[in-house]
Amino acid sequence: MQPVPLPAFSDNYIWLLADDAGHALVVDPGEAAPVEQALAARKLQLQAILLTHHHADHIGGVPALLQRHDAVVYAPHDERIATAHHRLAEGDRVQLNAPSLQFRVLEVPGHTRSHIAYVGHGMLFCGDTLFSLGCGRLFEGSPAQMLASLDKLAALPGETRVYCAHEYTLANAAFALTVDGDNPALHERHAQVRTQREAGQPTLPSTLGQECASNPFLRVDSPAIADWARGHGARMRVDRFAVLRAVKDAFRA
Ligand code: ZN
Ligand code: FE
């Protein structure tokens, strides 16, 4: 079962998974129209909706989808998500019969306080926590929280495929090159994503192995990032992450 990216808004992806019998699942449907189009075109029945966090560009399509489909909605414990049938916490499992899929839930606060990720079948759906060559902004969490969340994701097997919710990779590469410009893995990934974007293709999924080698936010322990951060007065590990995030927030390519 290969997840299909359904583009939404300007740079979101709604990930669609379907089995051969036509049972489908979507992750973070910020709008309903792209999902309805894909379901109709592929003759699929929507069975389940997985939500990672409460932001409108991830949940906005849920009410409209529930009007037309008998789908079960999984979400974190957060009253800002009104339409949920099952609330999930760290270590919980999502067990679906059709499509036949099991996911383990990880709590990954930082972008928002209740953000969760879904892991299963070699796939990671991480919403706005981890991006390819970047990470989410800290809207509701501390740098320490976000760093712990990213550490949790980085500990998954290197071959895990990373399905983020936004196509930010090329812009992230521009920033990453300013802090880790001597990293051959980053240059390799940059060349790859440039080619993919020129061909109109998504840059996702990446793999966790790729991210650990090229994403500066997963490389706070590398000598290159440690050196760069020292130049900004940061010595402690969490401070290296914090300064990286703060400088990225102000960065314009
Ligand atoms: Zn978000
Ligand atoms: Fe988002």
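The largest pocket of this predicted model has a volume of about 330 Å³. A pocket is here an open set of points, on a 1 Å grid over the protein atoms alone, with protein on both sides within 12 Å along at least five of seven lines, and lining residues have an atom within 4 Å of a point. Grid points are joined across faces, edges and corners, and a volume is the space filled by probe spheres set on the points. The lining of the largest pocket comprises 16 residues, and Arg 137, Tyr 168, Asn 172, Arg 245 and Lys 248 are those nearest its centre. Two or more lining residues come from each of α5 (169–179) and α9 (237–250); helices are DSSP runs of H or I with at least four residues, strands are runs of E with at least two, and both are numbered from the N terminus. By class, the pocket lining holds seven nonpolar, four polar and five charged residues. In this classification Ala, Val, Leu, Ile, Met, Phe, Trp, Tyr, Cys and Pro are nonpolar, Asp, Glu, Lys and Arg are charged, and the others, Gly among them, are polar.

As to conventions, residues are numbered from 1 along each chain as its sequence is written, while chains are lettered from A and ligands numbered from 1 in the order in which they are written. Local features need pLDDT of at least 70 and side-chain atom pairs count only at pLDDT 80 or more, whereas totals for chains, interfaces and linings use all residues; side-chain values use heavy atoms, with hydrogens and water left out.

The structure also holds one cavity of 30 Å³ or more, a cavity being a set of grid points where a 1.4 Å probe fits but cannot get out.

The metal ions come next. The zinc ion (ligand 1) has His 53 (NE2), His 55 (ND1), His 111 (NE2) and Asp 128 (OD) as its protein donors, at 2.2 to 2.3 Å. Donors are N, O and S atoms within 2.8 Å of the metal (3.2 Å for Na, K and Ca), and sites may look incomplete because water is not among the atoms. The four donor atoms around the zinc ion subtend angles of 87 to 172 degrees, so the arrangement is irregular. Four donors are tetrahedral if all angles lie between 85 and 135 degrees; four are square planar and six octahedral if opposite donors are over 155 degrees apart and all others between 65 and 115; anything else is irregular. His 55 lies in the loop between β4 (45–50) and α2 (56–59) and His 111 in the loop between β8 (101–107) and β9 (116–120), so this pair ties together parts 56 residues apart in sequence. His 55 is buried at a relative accessible area of 18%, and His 111 is buried at 4%; buried means under 20% relative accessible area, exposed over 50%, and partly exposed in between (1.4 Å probe, protein chains only).

The iron ion (ligand 2) is held by Asp 57 (OD), His 58 (NE2), Asp 128 (OD) and His 166 (NE2), which lie 2.1 to 2.3 Å from it. Its four donor atoms subtend angles of 86 to 167 degrees, and the arrangement is therefore irregular. Asp 128 bridges the iron ion and the zinc ion, which lie 3.2 Å apart. Distant parts of the chain are linked by His 58 in helix α2 and Asp 128 in the loop between β10 (123–127) and β11 (130–131), 70 residues apart. His 58 is buried at 0% relative accessibility, as is Asp 128 at 4%.

Strand β10 belongs to an open sheet of six strands in the order β7-β8-β9-β10-β13-β14, with mixed pairing; two strands pair if DSSP finds at least two bridges between them. The edge strands, each pairing on one side only, are β7 (93–96) and β14 (206–207). Strands β13 and β14 run antiparallel and are joined by two bridges, with Val 162 partnered by Ser 206 in β14.

Elsewhere, strand β5 (residues 72–76) is mostly covered, four of its five residues being buried. Three bridges join β5 to β4 in parallel, where Ile 49 stands opposite Val 73. Strand β5 also runs parallel to strand β6 (residues 86–88), again through three bridges, and Ala 75 has Arg 87 in β6 as its bridge partner.
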